[in-house]
Amino acid sequence: MNETINVLISEEEVNKKIQSLGEQISKDYAGKELHLICVLKGGVFATCELAKHISVPLSIDFMSVSSYGDGFVSSGRVKIIKDLDDSIEGKDVLIVEDIIDSGNTLKYLVDLLNTRKPNSVKICTLLDKPDRRTTDVAVDYVGFQIPDKFVVGYGLDYMQKYRNLPYIGVIE
Ligand SMILES: O=P(O)(O)OC[C@H]1O[C@H](OP(=O)(O)OP(=O)(O)O)[C@H](O)[C@@H]1O
Ligand code: HPA
Ligand SMILES: [Mg+2]
């Protein structure tokens, strides 16, 4: 079955926003090196686009976590599918996500990464759905706040589909 998808945030708006986030992050980390952590799978498009607009030296590592399975609602259990390859000890870490919804995933990740003695841990998310938050997490860089709708595109999936849409859409 094919779902109907309406555009919520256009490709141009998304790309412009990520560019400005990259410029802000470059200013904030001037004189430092940055270690980006891409949260797979959803964070992959935002991470790649953001990295292109960051001008301080950076490295990238990948962690794969999952809590939604194929549904619209978080299972509440965050499962590590793939851990980081490299140590983050002493590094300035920036976690890059596609969305913060309940907050379960980022809360779990921040708590986990903080046990590994990084110099700092900050969060950048393309989308923030504040109405759905059940766990408090401090987010440092937000692209867009969105209403309580299930969105797809730019890394976000519904049953593993639609991640490749170059815009943010809403399933109706
Ligand atoms: O704030 P939360 O309620 O935790 O929701 C946000 C998380 O859910 C999605 O990932 P998902 O677990 O579906 O895995 P995926 O990235 O592989 O699609 C999304 O990419 C975030 O990582
Ligand atoms: O709105 C969403 N869409 C896709 N995946 C998600 N994971 C959390 N929220 C969402
Ligand atoms: Mg994800």
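The structure is a predicted model, in which local features need pLDDT of at least 70 and side-chain atom pairs count only at pLDDT 80 or more, while totals for chains, interfaces and linings use all residues. Residues are numbered from 1 along each chain as its sequence is written, and chains are lettered from A and ligands numbered from 1 in the order in which they are written.

The members of the ligand 2 shell are Tyr68, Ile99, Asp101, Phe150, Val151, Val152, Leu156 and Asp157; a residue is near a molecule if its C-beta atom, placed from the backbone, lies within 6 Å of it. Around ligand 1 there are 17 residues, with Gly42, Tyr68, Asp101, Ser102 and Thr105 the closest. Strand S5 (92-100) and helix H3 (104-114) each put at least two residues into the ligand 1 shell, and S5 gives the largest share, four residues. Helices (H or I, at least four residues) and strands (E, at least two) are DSSP runs, numbered from the N terminus.

S5 also turns up in the strand pairing. Two strands pair if DSSP finds at least two bridges between them. On that basis, strand S2 (residues 34-40) runs parallel to S5 over four bridges, with Leu36 bridged to Leu94 in S5. S5 likewise pairs with strand S6 (residues 120-128), again in the parallel sense, over eight bridges; here Val96 sits opposite Cys124 in S6. From S5 the chain crosses through H3 to S6, and this β-α-β crossover is right-handed, meaning that, with the strands pointing away from the viewer, the path from the first strand over the helix to the second runs clockwise. Eight of the nine residues of S5 are buried, so the strand is largely enclosed by the rest of the structure. A residue is buried if 20 or more other C-beta atoms lie within 10 Å of its own, exposed if 12 or fewer, and partly exposed in between, with C-beta atoms placed from the backbone.

Elsewhere, three strands form an open sheet in the order S1-S9-S8, with antiparallel pairing. Strand S1 (5-9) and strand S8 (151-152) are at the edges with a single partner strand each, so one side of each has no neighbour in the sheet. S1 pairs with strand S9 (residues 168-171) in the antiparallel sense over four bridges, and the bridge partner of Ile9 in S9 is Ile168.

Helix H1 (residues 11-28) has 18 residues and spans 26 Å from its first C-alpha to its last, close to the 26 Å expected at 1.5 Å a residue; the expected span is 1.5 Å times one less than the number of residues. Its buried residues are Val14, Ile18, Leu21 and Ile25. They cover an arc of only 60 degrees around the axis, which puts them on the same side of H1, the arc being that of the directions from the helix axis to the C-beta atoms. An α-helix has 3.6 residues a turn, so residues three or four places apart point the same way. On the face of H1 turned away from the buried side are the exposed residues Glu12, Lys16 and Lys27.

Most residues other than glycine have a negative phi, and most peptide bonds are trans. The bond joining Leu40 and Lys41 is cis, with omega about 0 degrees; Lys41 is in the loop between S2 and helix H2 (44-52). Gln160, in the loop between S8 and S9, has a positive phi near 70 degrees, and counts as exposed because it has 9 C-beta neighbours inside 10 Å. Tyr162 is also placed in the loop between S8 and S9; its phi is near 75 degrees, a positive value too, and its 18 C-beta neighbours inside 10 Å make it partly exposed.

Back at ligand 1, Ser102, one of the closest residues, lies in the loop between S5 and H3. With 18 C-beta neighbours inside 10 Å, Ser102 counts as partly exposed. Ser102 and Ser74 are 28 residues apart along the chain, with their C-alpha atoms separated by 7.6 Å.
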